[in-house]
Amino acid sequence: MALLNEPMADTRDMYMAHAGLRREFRLLPDLIRSVRPGDTQRAEVVGSHAVLICDLLHGHHEGEDLLLWPKLAERGGAEAAAIVPTMEEQHHAIDELYKEATGLLPGWRSTGQGGAALAEVFQQLATVLEEHMALEEREILPLVEKHVTAKEWHALGEHGMAAIPKNLLPLVLGVAAYEADPQVLKGVLASAPLPVRLLVPILARRKYAAHAKRVHGTATPPRIGA
């Protein structure tokens, strides 16, 4: 279904978001394994990071479930019918692992015990998430560019950001922007006031560098890429 006279979605920001999620979920299992049993101080640092990344994933997928899959199913014809149910099934599988991981996290954060089991769940989650994001990029994003308007795509991003506390927004943007093309980041902020467009990219880089230093032991963790 063509939507005449409206600019269509620029999906490059999804690759940016996926790169951040890929990196952090791939690194999480070994981060958890590196915490000595009983080291509650370090478990709290890594655990709070895990909660942040899980919250980002949950909000990201919730937005797709509510705002993206129905539009593609309505407008995308046979192409959408062939892939959207798979996306929904994968979201369900990811959500089950998300619930298991977030159920184990509080106990580990408070005691430093049970890290091996928690790391294994996050390993499974990272594997399933990688498969899902690769399929989404290959099959869904081309459909989005044909059937979803730029305004609708922006609303999807706004839905995800609305659930994030304002004090965490620069860090969250830094997580995503760490490996991003500066022009993509510029596009994400295009509708913001000029001071925001100028200052937020700098603040985001600084916030993520400090966070990564505390969590990963370096301000420049491995750039896994999209």
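Me: Which residues are linked with R22 in a network of salt bridges?

Reply: R22, R26, E130 and E137 form such a network. A salt bridge is a side-chain nitrogen of Lys or Arg within 4 Å of a carboxyl oxygen of Asp or Glu. This is a predicted model, in which local features need pLDDT of at least 70 and side-chain atom pairs count only at pLDDT 80 or more, while totals for chains, interfaces and linings use all residues. Residues are numbered from 1 along each chain as its sequence is written, and side-chain values use heavy atoms, with hydrogens and water left out.

Me: What are the N to O distances from R22 to E130 and to E137?

Reply: The salt bridge of E130 and R22 has an N to O distance of 3.1 Å. For E137 and R22, the value is 2.8 Å. Both pairs link distant parts of the chain: E130 in helix α4 and R22 in helix α1 are 108 residues apart, and E137, also in helix α4, is 115 residues from R22. Helices (H or I, at least four residues) and strands (E, at least two) are DSSP runs, numbered from the N terminus.

Me: Is R22 buried or exposed?

Reply: Buried means under 20% relative accessible area, exposed over 50%, and partly exposed in between (1.4 Å probe, protein chains only). R22 is buried, at 4% relative accessible area. E137 is likewise buried, at 12%, whereas E130 is partly exposed, at 24%.

Me: How does the salt bridge of E139 and R138 read?

Reply: The closest N and O atoms of E139 and R138 are 3.9 Å apart. R138 is exposed, with 53% relative accessible area, and E139 is partly exposed, at 36%. The structure holds 13 salt bridges.

Me: Which residues have the most contacts inside the largest nonpolar core?

Reply: A nonpolar core is a set of buried Ala, Val, Leu, Ile, Met, Phe, Trp, Tyr and Cys residues joined through side-chain atoms within 4.5 Å. The largest has 36 residues, and F25, L28, I32, W108 and F122 have the most contacts inside it. Helices α1 (12-33), α2 (40-75), α3 (77-111), α4 (115-147), α6 (169-177) and α8 each supply at least two residues of this core. Another core, of 17 residues, lies apart from it and includes L68, W69, L135 and V144.

Me: With which residues is F25 in contact, leaving aside its neighbours within four places in sequence?

Reply: Contact means heavy atoms within 4.5 Å. On that basis, F25 touches I53, C54, L57, F122, L125, A126 and L129. Across the chain, among contacts between residues at least 6 apart in sequence, 82% join residues at least 24 apart.

Me: Which residues make the nonpolar surface patch?

Reply: Patches are made of residues with over 30% relative accessible area and no salt bridge; like charges are joined within 9 Å, and nonpolar side chains (Val, Leu, Ile, Met, Phe, Trp, Tyr) within 5 Å. Here L194, L198 and L199 make a nonpolar patch of about 320 Å². L199 lies in helix α8 (residues 194-216) and is exposed, at 57% relative accessible area.

Me: How many helices and strands does the chain have, and what is its radius of gyration?

Reply: The chain has eight helices and zero strands. The radius of gyration is taken over C-alpha atoms, and the globule rule is 2.2 Å times the number of residues to the power 0.38. The chain is as compact as a globular protein of its length, because its radius of gyration of 18 Å is close to the 17 Å that the rule gives for 226 residues. Of these 226 residues, 43% count as buried.

Methods. Areas by Shrake-Rupley, 256 points an atom, 1.4 Å probe, with all protein chains shown as cover.
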